[in-house]
Amino acid sequence: MPGLLLGDVFPDFEAETTIGRIKFHEYLGDSWGILFSHPKDYTPVCTTELGRAARLSSEFSKRNVKMMAISLDSLEDHHGWSKDILAYNCDESGTCMLPFPIIADRKRELAVSLGMLDPDEKDKDGLPLTARCVFIIGPDKKLKLSLLYPATTGRNFDEILRVLDSLQLTAGIRVATPADWKPGVCVMVPPSIPEEEAAALFPAGVYSKELPSGKKYLLYYLKYQFKCQLRFI
Ligand code: BEZ
C-alpha cells in the first residue's frame with residue numbers, strides 16, 4: 001500500500017507535544033514544515049541528530065520552516081532527554097527546551113498512520129520503533145519531500161537544508177537543480193520547458209551543452225552566470 005505521496009495534503013493530525021497539544025496545520029500556519037521521527041529517546045544516534053537539528057534551528061527559521069520531531073516515548077522522557085541533548089550541544093543559554101516541539105506518540109497511532117515504523121528495530125516488548133523519517137511540507141500543506149532512513153543511519157541535516165533550498169527555489173520559478181546543487185551553482189531548464197520558451201522566460205538566455213545524441217536537453221540558465229561563473233555539476 002502506498003503511503004503519503006508527493007503532492008498529497010499532509011494529514012492535519014492533533015498530538016500531545018512538549019509545548020502542549022497541537023493541531024498540525026494550525027501549528028504550521030503559513031510556514032513550511034519539517035516533521036522528523038526518531039526511534040527512541042536516550043539513544044546515541046538520535047541524540048546527535050536532535051542536537052544537530054537544534055543547532056541548525058536558526059537556519060530553518062531563516063527559510064521560514066517550522067520544525068517538529070516525533071517518537072513513541074512519553075512527554076516525561078522527551079523533557080528529560082531534551083536536557084541531555086542541550087548538554088550534548090554545550091548549550092549554556094539556561095533553557096531546558098529544544099527550539100522545536102517533540103510529539104509523544106505513545107499509542108503509535110500517528111507513527112503507524114504516517115508509515116514511520118522500522119520493522120527491523122524493536123523495543124523491549126518486540127514492537128517496531130519509528131524509523132528516521134523526514135517529511136517536508138509546503139505552505140499549501142502538501143507533501144514536498146519524504147526521506148526514510150533506518151534507525152542505524154543518522155541523517156545529514158546539511159542535505160536537508162540543501163533540499164529545502166532547492167524546494168523553495170523551484171516552487172517560486174520554473175527551474176530544476178542538478179545533482180549536488182547548492183545555492184550559487186547554475187540551475188537547469190526543466191524538460192517540460194522548450195528551449196525557446198526558456199530563453200523568453202529568462203532573457204539572459206540559456207546555455208545548451210552539445211551532446212553526442214544532438215538532442216538539446218542539457219540546458220542551463222545563464223541568469224546565474226556571474227554568481228557561479230558557469231560552474232556546471
Ligand atoms: C540510536 O539512536 O543510537 C539508535 C536507536 C535505535 C537503533 C539504533 C540506534
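In which helix is S166 found? S166 is found in helix 6, where helices (H or I, at least four residues) and strands (E, at least two) are DSSP runs numbered from the N terminus. At a relative accessible area of 13%, S166 is buried; buried means under 20% relative accessible area, exposed means over 50%, and partly exposed lies in between, computed with a 1.4 Å probe and protein chains only. The side chains of S166 and T177 are joined by a polar contact of 2.7 Å. A polar contact is a pair of N or O atoms within 3.5 Å; within protein, one must be able to donate a hydrogen and the other to accept it, and residues adjacent in sequence count only if both atoms are side-chain atoms.

The model is a predicted one, in which local features need pLDDT of at least 70 and side-chain atom pairs count only at pLDDT 80 or more, while totals for chains, interfaces and linings use all residues. Residues are numbered from 1 along each chain as its sequence is written, and side-chain values use heavy atoms, with hydrogens and water left out.

## The chain as a whole

The chain contains 8 helices and 11 strands, and its C-alpha trace spans about 60 × 45 × 35 Å along the principal axes. Of its 233 residues, 46% count as buried.

## Around the ligand

The residues around the ligand are P39, T43, P44, V45, C46, E121, R132 and A151, a residue being near a molecule if one of its heavy atoms lies within 4 Å of it. By class, this shell has 5 nonpolar, 1 polar and 2 charged residues; Ala, Val, Leu, Ile, Met, Phe, Trp, Tyr, Cys and Pro count as nonpolar, Asp, Glu, Lys and Arg as charged, and the others, Gly among them, as polar. Helix 2 (residues 44–55) gives the largest share of the shell, with 3 residues.

| Residue | Protein atom | Distance |
|---|---|---|
| T43 | N or O atom in the side chain | 3.0 Å |
| P44 | polar backbone atom | 3.4 Å |
| C46 | polar backbone atom | 2.9 Å |

Taken alone, the ligand exposes 260 Å², and the protein buries 83% of that; accessible areas come from the Shrake-Rupley method with a 1.4 Å probe, and for residues only the protein chains shown count as cover.

## Aromatic pairs

The structure holds 6 aromatic pairs. Rings of Phe, Tyr and Trp (its six-membered ring) pair if their centres lie within 6.5 Å, and planes under 30 degrees apart count as stacked, over 60 as edge-to-face and the rest as tilted. Because F36 lies in strand 3 (residues 32–37) and F157 in helix 6 (residues 157–172), the pair ties together parts that are 121 residues apart in sequence. F36 counts as buried at 1% relative accessibility, and F157 counts as buried at 2%.

Another pair, that of Y207 and Y220, is tilted, with 6.4 Å centre to centre and 45° between the planes. This pair links distant parts of the chain, with Y207 in strand 10 (residues 206–208) and Y220 in strand 11 (residues 219–221), 13 residues apart. Y207 is partly exposed, with a relative accessible area of 30%, whereas Y220 counts as buried at 6% relative accessibility.

One aromatic cluster is formed by F10, F13, F24 and F135. A charge is also placed over a ring, for K66 lies over the face of Y27 at 5.3 Å from the ring centre; such a placement requires NZ of Lys or CZ of Arg within 6 Å of the ring centre and within 35 degrees of the ring normal.

## Side-chain contacts with the backbone

T130 has its place in strand 7 (residues 128–130) and is buried, with a relative accessible area of 0%. A polar atom of the side chain of T130 lies 2.7 Å from the backbone oxygen of H38. S213, in the loop between strand 10 and strand 11, is partly exposed, with a relative accessible area of 46%. A polar atom of the S213 side chain lies 3.1 Å from the backbone nitrogen of K215.

## Positive phi values

Y42, a residue other than glycine, has a positive phi near 55°. Y42 lies in the loop between strand 3 and helix 2 and is partly exposed, with a relative accessible area of 44%. R108, which is not a glycine either, has a positive phi of about 65°. R108 is found in the loop between strand 5 (102–104) and helix 5 (109–113), and at 14% relative accessibility R108 counts as buried.
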